[in-house]
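Thank you all for making the time this morning. I would like to walk you through one model, so please have the sequence and the coordinates open while I speak.

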Amino acid sequence: PRTDDAPLQGAVDYKVAFPLFDRAVVSEFARIVGSLKAAGVSVTLVLVPFSPMVASCKVRNSCVAMTVMETKIHALAEQLKVAVLGSYQPTPFRLSDRDYRDALHLRGDRFAHVFVSPQTSTRDAVTADRPSAQKL
């Protein structure tokens with residue numbers, strides 16, 4: 001039977017497993033970013049917002065995972081002195097479910113809405129500039 005949550009059926013815990021990050025993988029990632037920066041490459045970490053449907057916490061563990069990972073990514077970016085563009089949260093960008101192809105994929109024409117604005121360069125700029133945003 002189709003419900004309002006039909007797009008989420010079968011998505012419970014989709015790719016969400018604990019622990020959410022592996023210290024060895026984080027260390028390797030940091031090493032790679034350091035190597036890129038040493039070679040003169042400008043590195044920006046990009047977070048694409050999940051749909052409001054996913055962010056509504058109807059998928060078990062999704063909100064915990066988004067919060068933990070976004071916080072970890074910002075801490076790592078600060079440590080590595082690299083920028084973070086975007087957020088996993090759709091609220092700062094005033095996105096609705098209509099902006100997504102499905103529960104997980106932002107429509108191609110909506111990327112500019114999220115990533116072109118200069119306010120999206122850091123989490124603090126996003127949350128300070130958009131009153132409806134919630135800080136993690």
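Let me begin with a question: leaving aside its neighbours within four places in sequence, which residues is Tyr88 in contact with? Taking contact to mean heavy atoms within 4.5 Å, and with those sequence neighbours left aside, Tyr88 is in contact with Leu47, Val48, Pro49, Phe50, Met66, Met69, Glu70 and Ile73.

Before I go further, a word on the source. This is a predicted model, in which local features need pLDDT of at least 70 and side-chain atom pairs count only at pLDDT 80 or more, while totals for chains, interfaces and linings use all residues. Residues are numbered from 1 along each chain as its sequence is written, and side-chain values use heavy atoms, with hydrogens and water left out.

Now the overall layout. The protein chain has five helices and two strands, where helices (H or I, at least four residues) and strands (E, at least two) are DSSP runs numbered from the N terminus, and read along the sequence they follow the pattern α-β-α-α-β-α-α. Of its 136 residues, 37% count as buried; here buried means under 20% relative accessible area, exposed means over 50%, and partly exposed lies in between, with a 1.4 Å probe and protein chains only. Among contacts with a separation of 6 or more, residues 24 or more positions apart account for 67%. The chain exposes about 8300 Å², of which carbon and sulfur atoms supply 56%, the areas coming from the Shrake-Rupley method with a 1.4 Å probe, and for residues only the protein chains shown count as cover.

Let me turn to the interior. I use nonpolar core for a set of buried Ala, Val, Leu, Ile, Met, Phe, Trp, Tyr and Cys residues joined through side-chain atoms within 4.5 Å. The largest such core has 17 residues, and those touching the most other members are Leu45, Ile73, Leu80, Val82, Val84 and Tyr88. Helix 1, strand 1 (44–47) and helix 3 are the elements that give two or more residues to this core, and the largest share, seven residues, comes from helix 3. Apart from this core lies another, of six residues, including Leu95, Tyr100, Leu106 and Phe115.

Leu80 counts as buried because its relative accessibility is 13%, and, not counting residues up to four places away in sequence, Leu80 touches Ala30, Val33 and Lys37. Leu80 and Val43 are 37 residues apart in sequence and 9.6 Å apart in space, C-alpha to C-alpha. Helix 3 is followed by Lys81, whose phi is positive, near 60 degrees.

What about charged pairs? Side chains of opposite charge can pair when their charged atoms come close. The structure holds two salt bridges, each defined as a side-chain nitrogen of Lys or Arg within 4 Å of a carboxyl oxygen of Asp or Glu. In one of them, the side chains of Arg31 and Glu28 meet at 2.8 Å, N to O; these two residues are three apart in helix 1, so about one helical turn separates them. Arg31 is partly exposed at 48% relative accessibility, and Glu28 is partly exposed at 37%.

Arg110 forms a salt bridge with Asp99, with the closest N and O atoms 2.8 Å apart. Both lie in the loop between strand 2 (83–86) and helix 4 (111–115), so the pair ties together parts that are 11 residues apart in sequence. Arg110 is partly exposed, with a relative accessible area of 21%, whereas Asp99, at 10%, counts as buried.

I will finish with Ser51, which sits in the loop between strand 1 and helix 2 (52–55). Is Ser51 buried or exposed? At 1% relative accessibility, Ser51 counts as buried, and, leaving aside its neighbours within four places in sequence, Ser51 is in contact with Pro90, Asp97, Tyr100, Asp102 and Ala103.
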